[in-house]
Amino acid sequence: MKRLPKFFLSAALVATMATSFSAVQAATPPDTLVHAWQIDDIISLDPAEIFEFSSSEIAGNTYERLINYDIKDVSKIYGEVAESWTVSDDGKTYTFKIRQNKKFASGNPLTAEDVVFSLQRAVILDKSPAFILGQFGFDKNNVKDKIKQTGPYEFTMETDKAYAPTFVLYCLTSTVASIVDKKLTMQNEKDGDLGYNWLKTHYAGSGPFSIRDWKANEVVVLERNPNYEKKAPLARVIYRHIKETATQRLLLEKGDVDIARNLNPEEIAAVSKNPDIKVDSAPKGTVWYLGLNQKNPNLAKPEVRKALKYLVDYAAIADTIMKYKGEVHQAFLPKGYLGAINDNPYKLDVAKAKDLLAQAGLKDGFSVTMDTTSRPETTGIAQAIQSTFAQAGVKLELIPGDNKQTLTKYRARQHDIYIGEWGSDYQDPNSNADTFAANDDNSDNAKAKPLAWRNAWDPGPLTAKTRAAVMERDAEKRAQMYEELQKAVLDDGPFVIFLQKIEVAAERKNVDGFVMGPSFDTNSVAQAKKN
Amino acid sequence: MAGAPPLPQPSGLRAWLLSAEPNSRWQARLGRGYLGWRSFTKNPLAVLGLGIVVLLLFVALFADFIAPYSPVIGGDLRTQRLLPPSETFWLGTDDQARDIFSRIIYGSRITLFVIVLVSIIATPIGLLVGTVSGYLGGWVDTVLMRITDIFLAFPRLVLALAFVAALGPGIENAVIAIAITSWPPYARIARAETLMIRNSDFIAAVKLQGASTPRIIFGHVVPLCISSLIVRVTLDMAGIILTAAGLGFLGLGAQPPSPEWGAMVATGRNYLIDQWWVAAMPGLAIFVVSLGFNLLGDGLRDVLDPKAAK
């Protein structure tokens with residue numbers, strides 16, 4: 001019996017805690033923006049390694065790059081850390097002048113030394129995105145000679161060939177070219193790792209926000225950087241990992257989060273009727289496509305490739321399953337890119353597809369498998385495609401798996417058909433042309449493995465054309481070359497590109513200034529505020 | 001003697017069945033069955049369970065005639081997607097514009113397929129392991145029972161998940177995985193029964209007559225264990241359905257577009273708040289069928305278990 005008071009006491013304590021929790025249903029603090037988002041893809045916070053969707057966005061808000069582009073008009077490039085630049089007459093040497101009086105969040109001044117260090121570091125560490133810089137002929141051994149500091153606020157960069165300047169500059173807008181605080185990073189260096197193990201979970205940048213905290217699959221917390229010249233209105237931005245979209249919706253409706261990032265079309269339709277919530281969207285430089293492996297004898301027939309392009313109900317998918325989240329797009333360059341063509345020649349035409357299949361000697365259709373990630377969006381699209389394929393007798397069997405499984409199989413060229421997304425690595429058309437229309441070596445142990453390689457497709461003369469387009473310095477001629485490449489791939493390529501992705505965010509009414517740019521790393525909270 | 005059973009006595013078939021002095025084995029067995037049926041029908045819930053199971057069988061058998069639409073080919077995505085229950089679509093439509101009612105009807109075949117296969121695979125394994133180890137005893141018993149213990153130590157769904165992950169997703173592999181994980185309890189029951197039977201006088205008598213061990217096990221021990229196993233398997237069927245649905249829900253059981261109930265619930269959860277019927281209808285089907293098997297199992301136990309209060 002002695003225990004009894006204690007029991008009552010603890011029971012009362014639990015009761016008060018439970019009730020006080022339900023009482024704390026207030027909105028998020030006015031100086032804090034809370035996102036509900038699926039951020040389980042983050043594996044590192046080091047800009048030299050970041051190559052995932054959510055970490056790229058976080059890097060975009062916390063680091064500055066040498067150059068950036070206007071998110072309203074991608075063709076306008078401006079210097080962010082760079083003040084100005086010149087290109088030598090032979091088109092190989094770039095000289096950059098750095099803005100003075102810039103400071104990192106740590107308080108260290110930002111000089112050419114940091115810029116040169118950051119670019120060299122990315123090449124030397126040689127992580128996934130390093131090829132974006134490496135393609136200009138930099139590698140571990142020569143990068144210290146090719147990227148050189150020439151003054152306290154000046155440095156030069158020498159490429160191996162005379163590439164189109166826009167191509168070079170667009171590559172420098174990518175996350176991998178973010179400027180890292182050399183002093184702070186080197187203070188945390190261990191065994192010559194250039195601070196890699198430390199920066200993986202820490203922050204050394206100069207952007208509008210600094211990263212305070214990252215707990216994997218849980219939360220990322222950004223804090224205002226007091227040293228940034230255009231001070232952010234918000235003191236704090238929190239990205240919460242919420243896996244279920246229905247949960248995201250409920251949290252948003254209750255005001256526990258300010259922005260929900262992964263709602264499905266039905267949920268978007270439902271919340272858009274809520275007077276406290278507004279829906280914002282932006283087309284992204286990401287396309288949805290089917291990759292047809294040319295190692296499969298049926299898919300290798302040109303008539304079959306074409307027939308399958310007539311067996312996708314593009315419009316219905318865009319209007320229903322992917323409503324708000326994608327628009328019909330069939331060329332490999334997303335809308336808004338230099339030279340992108342937007343007329344979509346294919347539509348669902350079963351009779352024509354049957355004709356083409358008959359020409360290929362497959363009058364009664366054939367059976368084929370498709371590797372599908374088990375995310376609801378992908379499964380939904382895959383099933384819709386499965387049913388339209390069936391109308392022409394093409395029996396499509398779906399093989400579900402998680403993203404890692406299907407990708408591994410895809411990268412080993414062991415699939416029949418693969419369904420997935422492709423996001424450009426940088427805003428230049430070469431990013432996609434290089435992967436969809438070029439394949440230097442189609443053998444199993446090739447060094448470069450673009451999408452054309454993954455689908456065992458030899459684009460023939462298109463490879464040379466892609467390489468030539470990169471060197472073309474006249475923008476108009478260059479655009480025309482990309483148009484031709486797209487038409488060729490549309491006509492004969494092993495890719496059924498069907499959608500361009502649109503990113504949707506549902507926000508509370510009082511959120512203002514959360515900007516979604518054309519690429520996954522340009523969703524900016526820098527000037528967001530809450531009224 | 002053999003040949004036609006004697007004519008029914010004046011009081012008719014019932015009296016013949018209930019006769020205290022049956023004229024043949026036949027009559028005795030039928031009489032026993034009739035008594036069982038009488039006590040079974042006294043339990044209305046058990047009859048309800050039986051009704052549900054019979055309905056499931058009927059629906060699965062005549063799915064082609066009952067279902068108004070195709071279970072896999074959807075209608076027009078633009079106009080027939082996610083419609084609420086109505087006269088045309090009794091239980092509404094799902095995200096691929098397919099009729100949920102038709103899908104549930106066809107899904108009953110998959111459910112039945114899983115139940116039947118699992119019982120066919122798991123029951124004999126459990127029975128064999130249990131009777132052999134119970135009858136032989138000694139090191140055979142120790143080895144077999146420790147293996148059983150190992151399987152029992154794993155949570156069932158987790159072990160099934162591991163097997164499916166190793167074998168690859170698909171309904172056949174799900175069946176194998178469930179069968180592999182569901183035999184140990186049967187082995188345990190069979191062994192317990194065998195331990196009671198092995199020292200009985202009639203076993204000793206057969207032994208003295210020179211019957212071989214296999215003959216004793218299969219001819220005398222197994223038949224006596226079967227009735228309690230049947231009860232246990234029937235009660236387990238609800239669990240089997242749930243495990244299959246669980247695997248389907250996790251994307252490791254039946255694959256799209258096949259109308260497996262668990263997979264249907266999994267798709268439906270994306271639309272849970274506004275289009276509740278997409279998840280609720282297959283969920284209801286799972287619930288009703290599981291309940292049916294549980295009620296039936298309960299009723300059967302009352303009838304078949306000789307040790308139950310009588």
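How far apart do the end C-alpha atoms of residues 76–443 of chain A lie, and what share of the span is helix and strand? I looked this up at the start. The end C-alpha atoms lie 39 Å apart, and the span is 30% helix and 23% strand. UniProt, in an unreviewed entry, places the feature "domain: Solute-binding protein family" on these residues of chain A. UniProt positions follow the numbering used here, feature names are shortened, and annotations may be inferred rather than shown by experiment.

**Ground rules**

I am working on a predicted model: local features need pLDDT of at least 70, side-chain atom pairs count only at pLDDT 80 or more, and totals for chains, interfaces and linings use all residues. Residues are numbered from 1 along each chain as its sequence is written, while chains are lettered from A and ligands numbered from 1 in the order in which they are written.

**Chain A overall**

I find 19 helices and 19 strands in chain A. Helices (H or I, at least four residues) and strands (E, at least two) are DSSP runs, numbered from the N terminus. The C-alpha atoms fill a box of roughly 85 × 70 × 45 Å along the principal axes. I checked the radius of gyration, taken over C-alpha atoms, against the globule rule of 2.2 Å times the number of residues to the power 0.38. For 531 residues a compact globule would come near 24 Å; chain A has 25 Å, which agrees.

Buried residues come to 50% of the 531 in chain A. A residue is buried if 20 or more other C-beta atoms lie within 10 Å of its own, exposed if 12 or fewer, and partly exposed in between; C-beta atoms are placed from the backbone. Of the chain A contacts between residues at least 6 apart in sequence, 70% join residues at least 24 apart. Contact means C-beta atoms, placed from the backbone, within 7 Å.

**Cores**

Which residues have the most contacts inside the largest nonpolar core? They are L133(A), I317(A) and F498(A), in a core of 154 residues. Strand β17 (residues 495–508) of chain A gives the most to this core, with eight residues. A second, separate core has 67 residues, including I104(B), V114(B), M264(B) and L300(B). A nonpolar core is a set of buried Ala, Val, Leu, Ile, Met, Phe, Trp, Tyr and Cys residues joined through C-beta atoms within 7 Å.

I then listed the contacts of L133(A), leaving aside neighbours within four places in sequence. They are L119(A), A122(A), V123(A), F138(A), C171(A), V176(A) and A177(A).

**Helix α3 of chain A**

L119(A), A122(A) and V123(A) are among the buried residues of α3(A). In total, 11 of its 14 residues are buried. I noted what these buried residues pack against: β5 (93–98), α4 (131–134), α5 (143–146), β6 (147–151), β7 (154–158) and α7 (182–187) of chain A. The expected span of a helix is 1.5 Å times one less than its number of residues. For α3 (residues 112–125) of chain A that gives 20 Å; the end C-alpha atoms are 20 Å apart, which agrees. D126(A) follows α3(A) with a positive phi, near 55°.

**Chain B**

I count 12 helices and zero strands in chain B. Its C-alpha trace spans about 75 × 60 × 35 Å along the principal axes. Of its 310 residues, 41% are buried. Among chain B contacts between residues at least 6 apart in sequence, 65% join residues at least 24 apart. An unreviewed UniProt entry places "domain: ABC transmembrane type-1" at residues 108–297 of chain B. The end C-alpha atoms of that span lie 19 Å apart, and it is 83% helix and 0% strand.

Helix α5 (residues 100–136) of chain B has 37 residues and should span 54 Å; its end C-alpha atoms are 52 Å apart, which agrees. Of those residues, 26 are buried, so α5(B) is largely enclosed by the rest of the structure. Just after α5(B), G137(B) takes a positive phi of about 65°.

I also looked up P223(B), in helix α10 (residues 213–249) of chain B. Is P223(B) buried or exposed? P223(B) is exposed, with 9 other C-beta atoms within 10 Å.

**Where the chains meet**

I find 21 residues of chain A in contact with 19 residues of chain B. On the side of chain A that touches chain B, α14(A) gives the most, with eight residues. The residues of this side divide into nine nonpolar, nine polar and three charged. Ala, Val, Leu, Ile, Met, Phe, Trp, Tyr, Cys and Pro count as nonpolar, Asp, Glu, Lys and Arg as charged, and the others, Gly among them, as polar.

Note on methods: Contact = placed C-beta atoms within 7 Å.
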